[in-house]
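Trainee: I should like to learn how to read a protein model, one feature at a time. May we begin with a single residue and then widen the view?

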Amino acid sequence: CHLIHYLRLSHHLIVLNYLICTFDKLKSVSSEDIKITDAVFDGVEVRVFEPPAKGDESLKRSVVYIHGGGWALASARTSLYNNLCRIMAESLNAVVVSVEYRLVPEVCFPEQYHDALRATKHFLQPDVLAEYSVDPSRIAISGDSAGGNLAAAVCQQLSKEENLTVRPKLQALIYPVLQAFDFNTPSYQQNMNMPVLPRYVMVNYWIDYLNGDYGLAHELLVNNHTALNPPTYVLTCENDVLRDDGAMYARRLERAGVPVTLDHFHDCFHGCMIFTVWPTDFSAGVKTRDSYIKWLDENL
């Protein structure tokens, strides 16, 4: 990929994402019990997962989910995220909206954030919630890795907008990336060469996301370090450069008076929660996914 970029044939992230999506098409995703539809929310593509209606209920819970991938890779349409969102919809009997935000290098910061915010605000409109039979008082905003960053920023912005009639009840962040000030935290040092997300890869993600201008980092992080109203779930993994990002964010929220659950897994790694489909069906993925869904089920 880097050779292709060096020869200016294409951007290496475009090539890498193409390879990921091509391999991903080899897998099939069952949707027998869940209705899966693609839609556009205020110009942003989304994939909606709807469980079948039950006779004794009127409104469902809902989760707006923002996928990870360093703001540059993966998709709401890949089988790994389809599988996660389908299981969430089934387990929680909830409508899951998976946001297909634009990626680096097509766009850089802050466009990914703007996409996630526009799609979420569109979904929170009372008429849209009514269309999907969603209870406006039981909506979560969630995401993993770079998607956790976007989910936190979206929740922060929604908490500041006075004209909103519907607000999320809680946020759930899965091994989120939350700061670009210190790449020498203990977790960055201990896991600098850890597979899936070594330190230099995370640094490169930040550079690409900010289009090489580190002066934008402060503007981004302002949205990630202010007080929130919704209860918060933060999942962290021991073998992850972003472990301390999540722990530090949880402590900041606690000091601001926000109810926080920090769910730490000592034997898990970054990205593990989406690896639950053969041939990457890892016990770490099932364990973290089940714990995350359990917290949502008890609190949403």
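Predicted model: local features only at pLDDT ≥ 70, side-chain atom pairs only at ≥ 80, totals over all residues.

Trainee: Is Phe 49 buried or exposed?

Mentor: Phe 49 is buried, and its relative accessible area is 0%. Beyond its neighbours within four places in sequence, Phe 49 touches several residues, including Ile 34, Lys 35, Ile 36, Asn 82, Cys 85, Val 95 and Ser 98.

Trainee: How far apart are the C-alpha atoms of Phe 49 and Ile 36?

Mentor: They are separated by 4.7 Å, although the two residues stand 13 residues apart along the chain.

Trainee: How should I read a sheet, and in what order do the strands lie here?

Mentor: In general, the strands of a sheet pair through backbone hydrogen bonds, and the pairing is either parallel or antiparallel. In this model, 8 strands make an open sheet with mixed pairing, in the order E1-E2-E4-E3-E5-E6-E7-E8. At the edges are strand E1 (35–41) and strand E8 (260–269), each of which pairs on one side only. From one strand to the next, the twist averages 20 degrees.

Trainee: In which sense do strands E3 and E4 pair?

Mentor: Strand E3 (residues 60–66) and strand E4 (residues 94–100) pair in the parallel sense, over 6 bridges. Arg 61, for example, has Ala 94 in E4 as its bridge partner. E5 in turn runs parallel to E6, with 5 bridges joining them; Asp 144 has Ile 174 in E6 as its bridge partner.

Trainee: How many of the residues of E5 are buried?

Mentor: E5 is mostly covered, with 8 of its 11 residues buried. As a general idea, side chains in a regular strand alternate between the two faces of the sheet.

Trainee: Which strands does helix H11 lie across?

Mentor: Helix H11 (residues 283–299) lies across E3, strand E5 (134–144), strand E6 (170–174), strand E7 (232–239) and E8. Relative to E8, H11 runs at about 170 degrees.

Trainee: How may I check the length of a helix, such as H6?

Mentor: One compares an expected span with the distance between the end C-alpha atoms. Helix H6 (residues 146–160) has 15 residues, so at 1.5 Å a residue it should span 21 Å; its end C-alpha atoms are 22 Å apart, which agrees. H6 is mostly covered, since 12 of its 15 residues are buried. Among them are Ala 146, Gly 147, Leu 150, Val 154 and Leu 158.

Trainee: What does the whole protein chain contain?

Mentor: The protein chain has 11 helices and 8 strands. Of its 300 residues, 57% are buried. The chain exposes about 13,100 Å², and carbon and sulfur atoms supply 53% of that area.

Definitions and conventions: Residues numbered from 1 in each chain as written. Heavy atoms only, no water. Pairing = 2+ DSSP bridges. Helix = DSSP H or I, 4+ residues; strand = E, 2+ residues; numbered from the N terminus. Axes fitted to C-alpha atoms, helices over the stretch in contact; angles between N-to-C directions. Contact = heavy atoms within 4.5 Å. Buried < 20%, exposed > 50% of the residue type's maximum accessible area, 1.4 Å probe, protein only. Areas by Shrake-Rupley, 256 points an atom, 1.4 Å probe, with all protein chains shown as cover. Expected span 1.5 Å × (residues − 1).
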